Amino acid sequence: MKKLIALLLSAVMVLSLAACSSSKPSTTTPDNSQGSSSTSTDNNTAPAADSNFKVGVVLVGDENEGYTYAHIDGIKKAAAANGLKDDQIVWFYSIGEDETCYDKCIDCVEQGCKLVITNSYGHQTYCEQAAKENPNVQFVAMTGDTALKSGLSNFSNAFNQTYQSRYVSGIVAGLKVKELLDNGKLSDKNYDANGNIKIGYVGAYPYAEVVSGYTGFYLGIKSIVPNVAMEVSYTNSWFDITAEQTTAEMLIADGCVIIGQHADSTGAPTACENANKAGTVVYSVGYNVDMLSVAPTAALTSSTNDWSVYYNYAIKTALAGGDIATDWSEGYETGAVGITTLGSSCAAGTKEAVDKAEADIKAGTLHVFDINTFTVGGQKITSTFCFDSDGDFVYDQVEAIKDGYYDESKYISAPSFSLRIDGITEMN
Amino acid sequence: MTKANLAHDPLIRISKREDIPMWKSWLVRIIGLLLALVVSGIVIVCITHINPFMVFAKMASGSFGSWIKNTNAAGETVEVLTISTKRIWVTIRDIMTLLCISVGLAPAFAMKFWNVGAEGQVLVGGIATVACMKYFTGLPTIVLVLVMIVVSMLAGAIWGFFPGFFKAHWNTNETLFTLMMNYIAIQITSFMVAVWENPPGSNSVGVINRNDQYGWLPSLFSDVPNKDFGWNVIIVLIVTVAVFIYLRYSKQGYEISVVGDSVNTARYAGIRVKKVYIRTMAISGAICGLAGFVAVSGASHTISTSTAGGRGFTAIIVAWLAKFNTFTMILISALLVVLDKGASEIASSYGINEYVSQIITGIILFFLLGSEFFINYQLKFRHNKGAEPPAAKPVQAPAANTDNEDKEANE
């Protein structure tokens with residue numbers, strides 16, 4: 001027996017030694033050389049980054065989850081553009097929205113990070129706590145909304161102006177509705193009692209971020225087809241395939257011809273594709289990722305974010321020793337938002353209409369929340385606040401409307417538009 | 001040897017060891033640990049193709065420092081092990097929380113009462129602590145801390161009382177009962193998270209009182225909170241010593257061990273078994289509740305279902321490996337926490353999925369628990385010289401513990 005164990009042990013040792021000797025070169029060379037060669041060739045702004053500069057990244061999920069994947073992708077692009085090597089980024093995956101987030105932020109600092117990024121809304125208080133204790137390190141709580149109030153110079157928030165791309169995806173949907181209308185594809189079931197065509201929306205939570213998004217989407221459709229009404233149903237989860245699918249099925253059964261979504265899974269597009277195959281007239285507009293793989297017929301497009309625009313700015317600023325803006329928000333003008341490839345079901349002329357809308361938004365001639373395009377309780381809104389100063393979750397400061405439009409994400413980067421406009425009904 | 005003999009005499013027989021010298025039992029454990037490292041080394045190589053020795057070095061250092069890449073004078077990148085006080089304190093903090101829960105399990109386990117409800121008892125203790133932090137405003141720190149300790153222990157005691165009471169009066173199965181109580185506690189926690197959610201939509205309570213640090217256990221060596229976790233150490237060590245003394249030298253501790261060994265004997269000796277059940281479970285729950293206080297006020301300053309984070313179950317492993325000796329628990333808790341820190345360190349520094357490192361932790365635990373088997377039992381081979389006479393008892397797998405349970409069940 002002893003002999004057998006000894007034999008086994010020695011075999012194992014030999015194996016592991018052999019393996020490590022063979023693995024050694026592979027761990028050191030390819031990634032680094034790739035990183036440095038790409039930076040030296042296709043980047044001229046920051047050829048040689050400070051090799052002691054490190055970025056810490058605390059993520060709520062991992063690369064298997066769409067939302068986090070988009071952030072990982074953005075950070076990797078931004079790091080490459082700024083000449084950072086792989087080992088200059090400290091990654092923490094699947095960190096819950098609890099004290100572990102604080103622990104990991106602190107750990108990033110201990111490992112010498114000068115910039116620490118957390119990517120989920122629920123991370124922000126833990127991130128803020130770490131920022132408070134480490135004034136020499138810059139912290140960014142992505143999609144958060146407390147930096148402005150925190151009074152900390154090293155703690156900031158950032159949020160893309162996603163409502164813009166939602167509006168554009170609304171135009172895509174509107175053109176499809178118009179095509180269906182012109183071709184006589186709509187039945188009585190698709191109209192509500194007031195003669196409006198029904199649109200459905202699978203929302204995650206009844207919060208401003210979602211409200212801002214679906215209002216933008218609705219106004220986009222409305223800019224093409226005036227008589228539309230939207231039904232919003234919440235799943236109370238950012239990611240729940242089953243709930244999103246059943247919610248979408250419910251909306252489809254109710255006669256909705258377009259299903260938009262502010263939830264991260266492929267549940268709603270799948271429901272649309274199934275219904276579409278079964279002969280129901282319904283199309284899907286997704287979020288974050290291209291849904292054509294799961295809904296080749298039903299998917300029109302998805303509104304999406306390119307986080308690398310922000311991460312590029314943040315890393316560049318931190319590298320140069322500058323202060324990152326407390327609240328950062330950009331949209332079409334810098335390419336931070338967009339829509340994915342148009343599906344084959346899109347109406348003719350969609351591409352041109354999208355290009356024009358995007359150009360107008362960039363030029364500042366088209367405003368998504370133009371006060372002439374919507375009413376609340378039958379009234380035009382000419383004044384409203386967008387900032388909650390005392391933490392009671394009711395806006396009590398800062399005028400949001402200027403020059404005839406609600407200036408979303410201007411004062412504070414996180415979406416603030418939470419007016420419930422006419423034509424949209426919350427189902428639950 | 002005849003064919004018939006072969007059929008009757010199995011190749012390997014397992015028999016219980018009478019006694020094993022201390023050095024031998026530790027030798028078995030060390031061999032177990034080495035084997036675990038070898039096996040996890042193979043796994044690391046197979047899955048990640050990374051030098052396993054570097055992985056172990058990083059794993060070992062994960063609890064007290066990190067390897068930071070620096071460029072030296074010659075322009076080469078070298079990895080330097082940098083000790084981090086903060087990391088050491090975080091490791092100590094986590095050891096203390098796990099230790100506190102394990103110590104809480106000790107009285108119940110010594111009574112052979114399988115309290116698997118520590119998770120829930122920790123959570124209710126944590127909820128009670130958060131409630132104090134939120135609603136008992138304006139108290140001086142020392143008063144508030146004492147109030148939080150009492151309230152959290154009370155909450156835990158209530159959570160322990162019910163399984164004890166039901167076991168005492170209706171002989172309910174305590175494992176199932178305490179397990180079910182966990183789910184209730186977890187749901188209550190989720191509910192309270194929704195009530196205390198801050199900011200709304202974050203699905204998280206956030207750092208509580210982060211402006212005035214009200215209700216935070218202060219640092220021992222500094223005025224800045226979160227700088228060290230000295231008070232956690234003091235509180236938990238006091239409990240550890242107290243429980244050790246309680247179990248070993250007090251009359252109640254003696255009653256517990258008698259009840260644990262044989263309920264009938266206890267009854268015959270005039271011990272009121274029902275009372276011992278209820279009292280011991282209340283004490284067990286109270287200490288776990290205190291662990292909830294330590295975890296919330298002393299560490300996380302928030303509450304979520306991950307406040308207990310499975311540590312209520314890990315503590316069962318700690319308590320078992322330590323044979324319910326609270327001082328040995330310090331070592332075992334330290335080992336498990338260090339392993340855990342090491343796992344997340346290699347996950348982050350190699351950019352590999354955290355699950356890979358959890359596999360490694362699992363392998364190490366498997367071997368450690370497995371070595372206990374070889375300490376308690378021995379394998380006898382057919383060709384062993386001086387084998388026991390053929391009439392020797394065959395395989396006797398169930399240990400003494402099960403014997404006792406049988407007795408209890410027969411009551």
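Q: How many helices and strands make up the secondary structure of chain B?
A: Chain B has 15 helices and 4 strands. Helices here are DSSP runs of H or I with at least four residues, strands are runs of E with at least two, and both are numbered from the N terminus. This is a predicted model, in which local features need pLDDT of at least 70 and side-chain atom pairs count only at pLDDT 80 or more, while totals for chains, interfaces and linings use all residues. Residues are numbered from 1 along each chain as its sequence is written, and chains are lettered from A and ligands numbered from 1 in the order in which they are written.

Q: What makes B:N226 a buried residue?
A: B:N226 has 23 other C-beta atoms within 10 Å. The rule, with C-beta atoms placed from the backbone, is buried at 20 or more other C-beta atoms within 10 Å, exposed at 12 or fewer, and partly exposed in between. B:N226 is therefore buried. Its place is in the loop between α7 (174-196) and α8 (230-249) of chain B.

Q: Why is B:F324 called buried?
A: The count for B:F324 is 22 other C-beta atoms within 10 Å, so the residue is buried. B:F324 sits in the loop between α12 (311-321) and α13 (326-349) of chain B. Across the 411 residues of chain B, 43% are buried.

Q: Is B:I68 buried, partly exposed or exposed, and how do you know?
A: B:I68 has 17 other C-beta atoms within 10 Å, so the residue is partly exposed. B:I68 lies in strand β2 of chain B.

Q: Which residues does B:I68 touch, leaving out those up to four places away in sequence?
A: They are A:Q111, A:G112, B:V80 and B:T82. Contact means that the C-beta atoms, placed from the backbone, lie within 7 Å. B:V80 is 12 residues from B:I68 along the chain, and their C-alpha atoms are separated by 5.3 Å.

Q: Which elements of chain B give two or more residues to the side that touches chain A?
A: The contact takes 36 residues from chain B and 40 residues from chain A. The elements on the chain B side are α2 (22-48), α3 (52-61), β2 (65-71), α4 (85-110) and α11 (273-300). By class, that side has 12 nonpolar, 19 polar and 5 charged residues. Ala, Val, Leu, Ile, Met, Phe, Trp, Tyr, Cys and Pro count as nonpolar, Asp, Glu, Lys and Arg as charged, and the others, Gly among them, as polar.

Q: Why is strand β8 of chain A said to be largely enclosed?
A: 5 of the 5 residues of β8 (258-262) of chain A are buried, so the rest of the structure largely encloses this strand. Both faces are covered: A:I258, A:G260 and A:H262 on one side, A:I259 and A:Q261 on the other.

Q: How do you know which strands pair with β8(A)?
A: Two strands pair if DSSP finds at least two bridges between them. β6 (197-203) of chain A joins β8(A) in the parallel sense over 5 bridges, with A:G203 opposite A:H262. β9 (283-287) of chain A is parallel to β8(A), with 3 bridges, and A:I258 stands opposite A:Y283.

Q: Why do β12 and β17 of chain A count as edge strands?
A: The open sheet has 7 strands in the order β12-β10-β9-β8-β6-β7-β17 (chain A), with mixed pairing. β12 (337-339) and β17 (424-426) each have a single partner strand, so one side of each lacks a neighbour in the sheet. For β17(A), β7 (228-234) of chain A pairs in the parallel sense over 3 bridges.

Q: What describes the packing of α7 and α8 of chain A?
A: Helix α7 (162-182) and helix α8 (208-222) of chain A pack at about 35 degrees, with axes 6 Å apart. Axes are lines fitted to C-alpha atoms, for helices over the stretch in contact, and angles run from 0 to 180 degrees between N-to-C directions. The contact residues divide into 10 nonpolar, 8 polar and 1 charged.

Conventions
Two residues are in contact if their C-beta atoms, placed from the backbone, lie within 7 Å.
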